[in-house]
Amino acid sequence: MEIVESLEEIPVQNPHVEDFSWADLTWTKFGTSEHHDEVALVPYARVDEFIIGECSNAECPTRFHIERGRKRSRGSLKEYKSDEYLEYRLYWCSFGPENYGEGGGVLPSRKYRLNTRNRAARPQSMRGCTCHFVVKRLYARPSLALLIYNERRHVNKAGFVCHGPLDRDAIGPGAKKIPYICNEIQQQTMSMIYLGIPEENVLEKHIEGIQRYCGSDANVNSLASQYVHKLGMIIKRSTHELDLDDQASIKIWAERNKKSIFFYQESSETDQFMLGIQTEWQLQQFVRFGHCSLVAADSTFGIKRLKYPLCTLLVFDSRHHALPVAWIISRSYLKSDVEKWMKILLQRAQSVEPGFKINGFIIDDAATEIDPIRDTFCCPILFSLWRVRRSWLRNVVKKCDGIEAQRKLFKCLGELVYSIWDEVDTPKALERFTQDFVDQTAFMQYFTSTWLPKIGMWLSTIKSLPLASQEACGAIEAYHIKLKVKLFDDTHLGALQRVDWLVHKLTTELHSSYWLDRYADESDSFQNVKEEYIASTSWHRATEIPDSAVTLDENNILVAKVQSQKDSNVTRVVWNPGSEFAFCDCAWSLQGNLCKHIIKVNTICENREGYGDSMSLRSLKEKIRTIKMTPMDDSIALDLSMALTLQMLDQIKQLVQLSGTNDISKIVNDLPVKWGCKKGRTTVGIPASIAAFTKKRSQKRKR
């Protein structure tokens, strides 16, 4: 739009509609290159119709009041410019400029009471709206009015919509009559709406929750219906695009959702973009299930398709399902950057639970920086094979012809990994592997270009770190698959390069899904949701298969069969049973996933002769054997090694006893008595209120 320096060049507009608004006019930039405004010329007699049209904005209905006004009499100016005013009025949205909401305040210069006749319903409704425009009745042409729009968006100083249907925090004029809605009910309602549950079902569950506090009342039900309908409209109209520029949009989101962010670093010449997200509910789950337990990382999700890769920190809940407790969006894996957000995350957890610590951290990428994890959490580090196995199996099925060739090739890949404990020369084993399957051109081209340059790093990491169990691998893989389904939908492929879209999907749909899963399981409600949540991992689905459905061939230990529970005529064949690199012919396994048939067969093979140990058990045995061989005889190192080993065995016995008992009181009675300090023993068993009261009385006696 070109800048016009003279009002004579701006045409007068007179829309044919009765009431018109900003959208019905053509706006021109008037002024100089350094300072200019968007203006329009209209007949002065139609200014009231313009104001009525602006008040009738569907997205932000409002009224405008005169914030400031000045007048001149005709003939008072001997010399004047073309834009001098005869009358000057500054119209401001009645939801501003003061902000009586959270974090707002009254203008410091306001020393008098304005006329409230045309303002919002009451002062508490003022939300700091910055929308305002100026009407100048021109001195040179009194029949015309110059409209100057300074801010046409109904937003506050932070750039957020602050009233109207698009305002997520708006509660309306009947706020005092709305029944009590606790955070649990509100989160439940939002989760159901985000997951696409019909509004009738959402309203039914919402009213059930409210009636626990308010009882049954027709007025309460009517208000609850309005609340659910409005909340649904807000969620449907909400968008991830707070600004056309992705970087500006995510900055606005970060400003608005400070409680859900534990680390934020904008991109600059010296720093990489980093965003750490953890809601209050995720922090609670992190402390609850992560304290003295395991934390896992799904570290490089979307590295090829998203603008910034996504790293997820997971804990294992009461059913040993992977639960996301933090999301980190960044392309930087430098030690200094990783250490920044890890330390802040630990401090955040320790602010809730001062003694918070974790007993182990599971990684899934050999390129992960280990030092920041050890320095921050001071815990052992385990390695999960799920990513390697999934990548190899998917490409074996995709690039190899024939089921027999796929089985043999995948078995040889497993033997290649197992050989790290057999003192086998890895380069020679790799050379032999490439020669044996030279006819599988497509797969070998993929393997040599993608894995051969880094296979040594991965094998050394697998050998040096303890390996996670199949149950942990299956739980992490289940989360990864769910995340992939939520994000890589065909309808969202155009938004993959925007960070604000990724943040919006994580904090709305994915967060709501896991919240509702946990709520359904703990409250024993939403039975369909609970059943799907329980059966979401292959490990749990494997426990539903009876042992009698598995057939092991004593003459051929390379094959096992599992009878289907849905159709007795269908039998699944598991090749290379007892190994993490077993191959099943079911559809779920052929997609690269760890299926229930393999887990069930491997569980049975653990107690049978002729089958080898799982990789996690083999790794544990190697670690114990290494500890035993390290110290010299009759040395202090031997004493220390023995003490640590006995301490570890004692902890394992306690965990086995705790998980195998049905009566916790027996274990508690056997625990040794631990006395507190003398000062603390005087109030043991006394409620805090009584203890504080007695303390105050004793102080009074001394005075």
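Here's a walk through the nonpolar cores and aromatic contacts of this predicted model.

Let's start with the largest nonpolar core, which has 119 residues. Ile329, Trp341, Phe361, Trp392 and Phe443 are the members that touch the most others in it. Helix α15 (residues 499-523) supplies the largest share of this core, with eleven residues. Another core lies apart from that one; its 36 residues include Trp27, Phe64, Cys129 and Phe133.

Now zoom in on Trp392. Leaving out residues up to four places away in sequence, Trp392 touches Phe410, Leu413, Val417, Phe443, Tyr446, Phe447, Trp451, Ile455 and Phe581. Trp392 also belongs to an aromatic cluster, whose members include Phe383, Phe433, Phe437, Trp458 and Phe583. Trp451 is in that cluster too, and the charged end of Lys454 sits over the Trp451 ring, 4.8 Å from its centre.

As for ring pairs, the count comes to 29 aromatic pairs. Take Phe20 and Phe50: their ring centres are 5.8 Å apart and the planes meet at 45 degrees, so this pair is tilted. Phe20 sits in the loop between β1 (3-4) and β2 (28-31), while Phe50 is in helix α1 (residues 47-55), so the pair links parts of the chain 30 residues apart. Phe20 is buried at 1% relative accessibility, and Phe50 is buried at 0%.

Tyr91 and Phe133 make a stacked pair, with 5.4 Å from centre to centre and 15 degrees between the planes.

Technical notes:
Residues are numbered from 1 along each chain as its sequence is written. This is a predicted model: local features need pLDDT of at least 70, side-chain atom pairs count only at pLDDT 80 or more; totals for chains, interfaces and linings use all residues. Side-chain values use heavy atoms; hydrogens and water are left out. A nonpolar core is a set of buried Ala, Val, Leu, Ile, Met, Phe, Trp, Tyr and Cys residues joined through side-chain atoms within 4.5 Å. Buried means under 20% relative accessible area, exposed over 50%, partly exposed in between (1.4 Å probe, protein chains only). Helices (H or I, at least four residues) and strands (E, at least two) are DSSP runs, numbered from the N terminus. Contact means heavy atoms within 4.5 Å. Rings of Phe, Tyr and Trp (its six-membered ring) pair if their centres lie within 6.5 Å; planes under 30 degrees apart count as stacked, over 60 as edge-to-face and the rest as tilted. A charge sits over a ring if NZ of Lys or CZ of Arg is within 6 Å of the ring centre and within 35 degrees of the ring normal.
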